[in-house]
Amino acid sequence: MSEYGDSWQGSPGSIEYKPGRIGFVLLLCLSSAGILGGVFLLWYIPTVGLGNISPILPYVLGSVLLAGGIFVVVGAISISIAVMNQKVFFPAGFRGLLVRFFLPIMVMVGRGILGIPRIRIERAFIEVNNHLVRLMKRRFKPEKILILMPHCIQYENCKIKITKEVKNCVGCGRCEIGELIDISERYGVNLFVSTGGTIARKKVHEYKPDAVIAVACERDLTSGVQDAYPLPVLAIVNRRPRGYCEQTGVAVEEIKQALHDLLG
Ligand code: SF4
């Protein structure tokens, strides 16, 4: 079985799985419980040895680990509130906590212990990331927004090279590139078609945008959001009527919606 599960082959809409927020919160709580169990063991096991050195040391270690435990519980509760509601203080901070701290543990607990396909965890993460970026309610100048598209969106028999200069496209309508150029010109935002994750990262470094709208598969989006942090990224899952990396597509309406969210 692939890490994305046997059932996932790509589908006409390619939106086979829509994650529920409750499932995400449950996984978050379970991961937090696992972390707390680990914290307890970290305190309990060395306590005996430390007590032999000095009777105060177990309390010092206990205080440090207790502070860590409180941090995990408060973080998990705050993210859960953010996921279930429209309001949260410091959404940017909680996004950082989710991206940097909870996500790797949730993937470990979800996949390793519960056997949840990775794609489900990534889908839920993308949803929650987008939700937190929107809750930040930051507005950006159009020229500081970058739309990043994967090269596999281009019609496979198109002979025009668009990865160096996207405006080489003549807008024949066989793929969404022409429409995306219209949108980028209408809104005054940057558009780049990337041949891979490394080039995409290089372009982000070059353009130095304040916000990114990225289109890709779940795995690339998840790693891209992590790498780009703290840059706000609205992640849009591509359409894969023929499977991964082959003649993919994007719901242009989702790009427009993301632009409205970032431009205000
Ligand atoms: S829309 Fe542009 S990129 Fe797509 S097939 Fe037509 S010319 Fe090629």
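Arginine 118 and glutamate 122 sit four residues apart in helix 4, about one turn of the helix. An α-helix has 3.6 residues a turn, so residues three or four places apart point the same way. Here the two side chains form a salt bridge, with the closest N and O atoms 2.8 Å apart. This is a predicted model.

Glutamate 122 is buried, at a relative accessible area of 3%. Arginine 118 counts as partly exposed, because its relative accessibility is 25% and the buried class requires under 20%.

Now take the helix as a whole. Helix 4 covers residues 118-135, 18 residues in total. From first C-alpha to last it reaches 26 Å, close to the 26 Å expected at 1.5 Å a residue. Of its 18 residues, 14 are buried, so helix 4 is largely enclosed by the rest of the structure. Just after the helix, lysine 137 takes a positive phi of about 50°.

Step back to the chain. It has eight helices and four strands. Along the sequence the order is α-α-α-α-β-α-β-α-β-α-β-α. The C-alpha atoms fill a box of roughly 75 × 45 × 30 Å along the principal axes. Of the 264 residues, 45% count as buried. Among contacts between residues at least 6 apart in sequence, 70% join residues at least 24 apart. The chain exposes about 14,000 Å², and carbon and sulfur atoms supply 61% of that area.

Next, the charges. The chain carries 30 positive and 21 negative charges, and their mean positions are 5 Å apart. Side chains of opposite charge can pair when their charged atoms come close. The count comes to ten salt bridges.

One of them joins glutamate 156 and arginine 242, at 3.1 Å from N to O. Glutamate 156 lies in the loop between strand 1 (145-150) and helix 5 (177-187), and arginine 242 in the loop between strand 4 (233-237) and helix 8 (252-263), so the pair ties together parts 86 residues apart in sequence. Glutamate 156 is partly exposed at 45% relative accessible area. Arginine 242 is also partly exposed, at 41%.

Another salt bridge links glutamate 185 and lysine 167, at 3.8 Å from N to O. Glutamate 185 belongs to helix 5 and lysine 167 to the loop between strand 1 and helix 5, so this pair ties together parts 18 residues apart in sequence. Glutamate 185 is partly exposed, with a relative accessible area of 49%.

Salt bridges also form a network, which links Arg123, Glu218 and Arg240.

How values were computed. Residues are numbered from 1 along each chain as its sequence is written. This is a predicted model: local features need pLDDT of at least 70, side-chain atom pairs count only at pLDDT 80 or more; totals for chains, interfaces and linings use all residues. Side-chain values use heavy atoms; hydrogens and water are left out. Helices (H or I, at least four residues) and strands (E, at least two) are DSSP runs, numbered from the N terminus. Buried means under 20% relative accessible area, exposed over 50%, partly exposed in between (1.4 Å probe, protein chains only). Contact means heavy atoms within 4.5 Å. Accessible areas come from the Shrake-Rupley method with a 1.4 Å probe; for residues, only the protein chains shown count as cover. Lys and Arg count as positive and Asp and Glu as negative; His and the chain ends are not counted. The place of a charge is taken as NZ of Lys, CZ of Arg, CG of Asp or CD of Glu. The expected span of a helix is 1.5 Å times one less than its number of residues. A salt bridge is a side-chain nitrogen of Lys or Arg within 4 Å of a carboxyl oxygen of Asp or Glu.
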